[in-house]
Amino acid sequence: MSRASIVYDDTFLLHDYPGHPENASRLRAITERLASDPALRTLPAMPAPDADPDMLQAVHTDRHIMGIEHAAQSGGGWLDGDTYCTARSYDVALRAAGAAMHATDMVMRGESGAAFGLVRPPGHHATPSTAMGFCLFNNAAVAARTAQRHHGAGRVAVVDIDVHHGNGTQDVFWEDPSVLYCSLHQWPLYPGTGLARETGAGAGEGTTVNVPLPPGTDGDQWLHAFEARVVPALREHAPDLIVVSAGYDAHAADPLAELRLSTDTYAAVASRLSELAGELCGGRTVWMLEGGYDLDALAASVGASLQALDAA
Ligand SMILES: [Zn+2]
């Protein structure tokens, strides 16, 4: 069994809008970095299939899925003030969700300990019915549902380390006690949700854990908050799989936010999550790329995460 594998497809470069922070050079920077590093270029890398319609429908409304398809077929445009759609974006987003399925399949079948989907567009702001915040389909939510519906996982945890609150993922699992959603994020910041008092509802009360952090929070403070708030919740939930919404925009160099994590912090987070996965769920983790807009910091931090996952 490989310890860490990558799911990547050149299709992910086709959703692009030069000048927008969420553009194809983000993935090019990552793949160039991996190719130049002897420890990383030998990691198994798998292409992604398109997502099964049923798995997309397990997360999104038909109206949302068809809305993205129709927007792309009509030549694309702006879905909101931040979120672009091109003629190719439906195909790309379908493939990114497929990468989430494939990464989950590999990990749940025991073919790889950790699988990292190097995907675009990102997903964690996409709600069941809305594209927003650069996100079209919610890849991390698709990974969690794939584990449950195709592999019999009972409980899944989603740990969102992106600097922004993953409002979309929170919405998908808000009333679902089987999926724990934990997010550490800068607050105040887009999209404005993610207060500590947002803890889920109905049967899902208590399985949403939000850790808002003030601008200027550094890596040690972030890791301390992770240990204090997220680790106990993970142990209590006892998941069969940990899905990581892997955003790198909490890095000190990132232009979109003001947290101060370092590349070493990201390596430490990956090591710690691997350790927790070893303790709780046979080492199974699926990482899906979310944000990260300083190209050097993004590429270095993804590389450091993969190195830590492969060493676990
Ligand atoms: Zn973000």
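In which sense, left-handed or right-handed, does H7 pass H8 in their crossing? I will come to that in a moment, after a word on the basis of what I am showing.

This is a predicted model, in which local features need pLDDT of at least 70 and side-chain atom pairs count only at pLDDT 80 or more, while totals for chains, interfaces and linings use all residues. Residues are numbered from 1 along each chain as its sequence is written, and side-chain values use heavy atoms, with hydrogens and water left out. Helices (H or I, at least four residues) and strands (E, at least two) are DSSP runs, numbered from the N terminus.

Let me begin with the helix pairs. Two packed helices are described by the angle between their axes and the distance between the axes. Here the axes are lines fitted to C-alpha atoms, for helices over the stretch in contact, and angles run from 0 to 180 degrees between N-to-C directions.

To return to the opening question, H7 passes H8, residues 263–281, in a right-handed crossing; a crossing is right-handed if the near helix is turned clockwise from the far one by less than a right angle, and left-handed if anticlockwise. The two helices pack at an angle of about 15°, with their axes 11 Å apart, and H7 and H8 are therefore roughly parallel to each other, given that angles under 35 degrees count as roughly parallel, over 145 as roughly antiparallel, 65 to 115 as roughly perpendicular and the rest as oblique. On the H7 side the residues that meet H8 include Trp-222, Leu-223 and Phe-226, and on the H8 side the partners include Leu-273, Leu-276 and Leu-280, where contact means heavy atoms within 4.5 Å. The residues of this contact divide into 10 nonpolar, 2 polar and 4 charged; Ala, Val, Leu, Ile, Met, Phe, Trp, Tyr, Cys and Pro count as nonpolar, Asp, Glu, Lys and Arg as charged, and the others, Gly among them, as polar.

H8 also packs on H9, at an angle of about 30° and with the axes 8 Å apart, and H8 and H9 are therefore roughly parallel to each other. Their crossing, too, is right-handed. Thr-263, Tyr-266, Ala-267, Ala-270, Ser-271 and Ser-274 in H8 meet Ala-300, Ser-301, Ala-304, Ser-305, Ala-308 and Leu-309 in H9, and the residues of this contact divide into 7 nonpolar, 5 polar and no charged.

H9 itself covers residues 295–311, and its end C-alpha atoms are 24 Å apart, which agrees with the 24 Å that its 17 residues should span at 1.5 Å a residue, the expected span being 1.5 Å times one less than the number of residues. Of those 17 residues, 12 are buried, that is, under 20% relative accessible area, with exposed meaning over 50% and partly exposed in between (1.4 Å probe, protein chains only).

H4 is largely enclosed by the rest of the structure, because 17 of its 20 residues are buried, and H4 is followed by Gly-110, whose phi is positive, near 80°.

Now to the loops. The loop between S7 (179–186) and S8 (208–213) holds Pro-188, and the peptide bond from Trp-187 to Pro-188 is cis, with omega near 5°. Pro-191 lies in the loop between S7 and S8 as well, and the bond from Tyr-190 to Pro-191 is cis, with omega near 0°.

Phe-134, in the loop between S5 (112–117) and H5, has a positive phi of about 75° although it is not a glycine, and Phe-134 is buried, with a relative accessible area of 14%. Ala-238, in the loop between H7 and S9, likewise has a positive phi, near 50°, but is partly exposed at 29%.

Asp-240 is found in the loop between H7 and S9 and is partly exposed, at 25%. Leaving aside neighbours within four places in sequence, Asp-240 is in contact with residues including Met-108, Arg-155 and Arg-284.
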